[in-house]
Amino acid sequence: MKVELVWGVVAGLAAGAIAAHAAEVKTVTVTVCPNSEASGYEGYRAMDGNPNTMWHTDWQLDNPAPPHELGIDLGARYEIGGFAYLPRSGGGNGTIAEYEFFVSDTAEEAGQRVAAGTFEHRDRENVVAFPAKVTGRHVRLRALSEVQGQRWASVAGLRLLVDGVEFRARPTFNSPWHHADGTPKSEREREYTGLVRDLRRAAHFARLAPETYHPQSLIHETDRDPADVVLRRTAALLADLESMPGTSGLAPLAAELAALQQASATIDPADRDARYELFESACQLRRRIAFANPLLNFDRLLFIKRHRATFNHMCDQYYGIHANPGGALHIRAPEQVRQDEESLTNSQASGMFILEDPFGPQPRVTNVLANSQVERGRLEGERLEGGSFLSPDLSYDGKSILFAYVECRGDRSHDYHVDPTRGHWSPGWCYHIYKVHVDGSGLERLTDGTWNDFDPIWLPNGRVAFTSERRGGYLRCGRVCPTYTLYDMAADGTDITCLSFHETNEWHPSVTNDGRIIWTRWDYVDRHGVTAHKPWITTLDGRDPRPVFGNYTPRNLRPDMILDVRAIPGSAKFVATAAPHHGQAFGSLILLDPQVADDDRAAPLKRLTPDEGFPETQGGGHAYGNPWPLSEHYYLCVYDVEMSHPELGFQGREYVRGDYGIYLVDVFGNRELVYRDPDISSQSPIPLRPRPAPPVMPDLATRGPETDPASRPPVGEATPPAEATVSVMNVYESHLAWPEGTRIHALRVVQVFPMTVPSGGPPHETGIRIAGAGDSVVPVRHVLGTVPVEADGSAHFTVPAHRSIFFQALDEDGLAVQSMRSATYLHQGEHLACVGCHEPKYKAPLPPVSTPLALLRPPSQLEPDVEGSRPFSYPRLVQPVLDRNCVECHQKNADKAPNLGREPIERKWYASYNSLAPKWGFHDYGDVYRTTPGRFGARASKLYQHLQGDHHGLVLSAEDRHRLTLWLDLSSMFYGVYEKEQGEAQLRGEVAWPTLE
């Protein structure tokens, strides 16, 4: 029957439908099971309530022919009066023509066919009413044909006509990595499926070709099927191994490969069974060749087992409260444990393990801590059981292991306070750092307390660097996320020292080949929260932190985050993971070459795994992670093909634990499984062997607990701060051109304060949010003072140590011409020398013709600025100017002049602020990444331009004019504090300081 035959019935139901909707409608969550679905077009999207999404059958892999079915489990029996089908917008590919509809009580049986026909409308909803209501739990929409005769089916919306009920589908993903009955495919079957997908993504690989490290990892025009791809990449692998010293026994393997290549030339690509058999033979040969690599000259592999964190966010993944300690039983095909179908010992618990003989015929797994007990501290005598492990690191002599562990017990709630000497969690829900010998003896806990401490690494000077919440503060773009930054300590856990005073989060330290620390920093002063999470580098004692790459690269050209950065042996390059912001530390593998000029367009970055796009910024998934470089061409890493789905593992999505296995990958596109536990992810593979220690530079910075911001006297106390020295050779040496005729007369030093309260619903907004950075609270800043710049552009001055600061270059009128949108800091006694003002990092400085003038004298001392600039306070900096010069006149002309008084207070800001800041202040840089010289602050504001003219004869004093321009140069803030009590004091016009700096 056609739909129009039932319109009379539909009209008869309309009046009843209106009455039914007068009552409250109940929403019921259902499960949708399609017979086929494409990635990003899963079956649940047919009933997600969003007409702009849809279910579409697969067209990239299997591309099955109709009929297609969309099955729905309602969870209970309902009386169903009909259904409505909404085609995709435009009625294009997959729009259903002929259909059938079934209702039953079991998933196994189709049940009663209650409707059949042809949908009439391609541009709007088709409503089908049954002759009589039918009761059942399971329904099926069967698509028999498509309007254009294609093989596909699609549904933008499917409504079931049940009185008082709306059905919404829970997100589910029936992946191509499983068989139709739900059982997972074998390792080889999954690789084959993935290569079929890749062969149908020619445009994807062509687009990424210029960014890819080695062309063999791409898909070539000559690749007809997966067998061709594997044979080509195996040949590249073999040729590379043959060129390496120490390789032997490859001749027989080369002969086997030649035979398979000859067979490939004679087997018709249409003979799928024969071609698949060839594919499997090629994969088996590739494995033998890959494991003949002379770089695999170690017989033990250290790794941990753990689930992904339960919260998908770059920060939250490392809070102990989000650790998932156990592993549920999960049936897997034995091929997934090892390609040779060797089933290894599995464990459902998180732990630290050694894989013995990892590339041999009989690898074995041993638990490092099987017989270990903690030897001192709060857990003395206890085993590390029931918790979760994280981030192991092996000492240079190969004898001792550092790792982080959370017990997963105690009070799980967040402790809200503004006391910088305390953390925010119960000790049992914090990651703490431990040390143990590789034989399981000497298990010691090195840190404890109410802070998360994790990512420990051995330093070549014998100390231990790690990431810690001890610095204090929260992120600025919403929710409740404490900040963690870079610390170090002695190898016994004493002498804890703050290395980084940055005001937002940092991740994953490691050691470079030249003996420095490289780690990831979130750097977003007056920039959007997803602007920059890129590698920085510093000395072992925390001096001279500098970005390596990408701090100003547009988001669409680079990953959101670059994590797990590790130096490649014998190379100046680094391997890393391209990871998402709203996800976890997995994605695609990349190679970073800091010797390539950073052009703000990701030139130093090359893709190692182009099959996986960058997650979040380019639609990739969480497939790869934890790379450990063996050379520029070979890496250990972890991989889970199911996590390549672009919807899995991101913030706001359902929890997915991941099933990562350990793989050997190469730059040619080959990927060989080493080990997988089917019950819990294997992560962080490290060859268990000694390795050369990088050189050690002498410590020049002061260490010790006094470096910790939490241990200092209260902010604002008249205590002489520790000092450091800054020298700038020539401020005119700049990445961006200065406005013509610019003369810089001074530098302003501004301190940035960490946010001390959660940014999700803060007590007050510090000011109007920066244009292009509306996700983030504007960071509080105070003016520390100004210093002179000499005629040759040089400056030489002291600054307070252990504080996050940035600089502004001022003209002869005291107006900022340029301002950093990043931050730095110095350690006590440090002398930081800069060539210029954001000079190109890849250029070697030219030797000066003469000694810079500023260096011919002692360093300048900071000249404090006016009252209200430190601590910053709009009520004390700006409002007195308005009271003296503006308020009386504006009150007399209230019908046409804006209110510049204090009252009424709205949004916890003065009336004057609400009148001036939105229209007349400065909060739009015009560029979301950099500051354009001359187009910043007062110079770019309407207020300053307005005051340059004749404003009713108003003549401001030099100080009052300076107060207004200073306010504009500080991004037109209102508050100089984050805290509620201090904010209320500032609103009353009192002096109030932040609780942490």
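## A histidine and some helix packing

Leaving out neighbours within four places in sequence, His 923 touches Ile 768, Arg 769, Ile 770, Ala 771, Ala 917 and Pro 918. Keep in mind that this is a predicted model. So where does His 923 sit? Look in the loop between α10 (911-920) and α11 (942-948).

Is His 923 buried or exposed? With a relative accessible area of 15%, His 923 is buried, because the cut-off for buried is under 20%. A polar atom of its side chain also lies 2.9 Å from the backbone oxygen of Ala 917.

Ala 917 brings us to helix α10, where it is one of the buried residues, along with Ala 911, Ser 912, Tyr 913 and Leu 916.

| Packing partner of α10's buried residues | Residues |
|---|---|
| α7 | 874-877 |
| α8 | 879-885 |
| α11 | 942-948 |
| α12 | 958-969 |

Now for another pair of helices. Two packed helices are described by the angle between their axes and the distance between the axes. Helix α4 (residues 226-242) packs with helix α6 (residues 272-290) at an angle of about 20°, and their axes are 9 Å apart. Angles under 35 degrees count as roughly parallel, so α4 and α6 are roughly parallel to each other. Their crossing is left-handed.

Who meets whom here? On the α4 side you'll find residues including Leu 231, Leu 237 and Leu 238, while α6 brings, among them, Leu 278, Phe 279 and Arg 286. The residues of this contact divide into 13 nonpolar, 1 polar and 3 charged.

Key: Residues numbered from 1 in each chain as written. Predicted model: local features only at pLDDT ≥ 70, side-chain atom pairs only at ≥ 80, totals over all residues. Heavy atoms only, no water. Helix = DSSP H or I, 4+ residues; strand = E, 2+ residues; numbered from the N terminus. Buried < 20%, exposed > 50% of the residue type's maximum accessible area, 1.4 Å probe, protein only. Polar contact = N/O pair within 3.5 Å; in protein donor to acceptor, adjacent residues only side chain to side chain. Contact = heavy atoms within 4.5 Å. Axes fitted to C-alpha atoms, helices over the stretch in contact; angles between N-to-C directions. Parallel < 35°, antiparallel > 145°, perpendicular 65-115°, else oblique. Left-handed = near helix turned anticlockwise from the far one by under 90°. Nonpolar A, V, L, I, M, F, W, Y, C, P; charged D, E, K, R; others polar.
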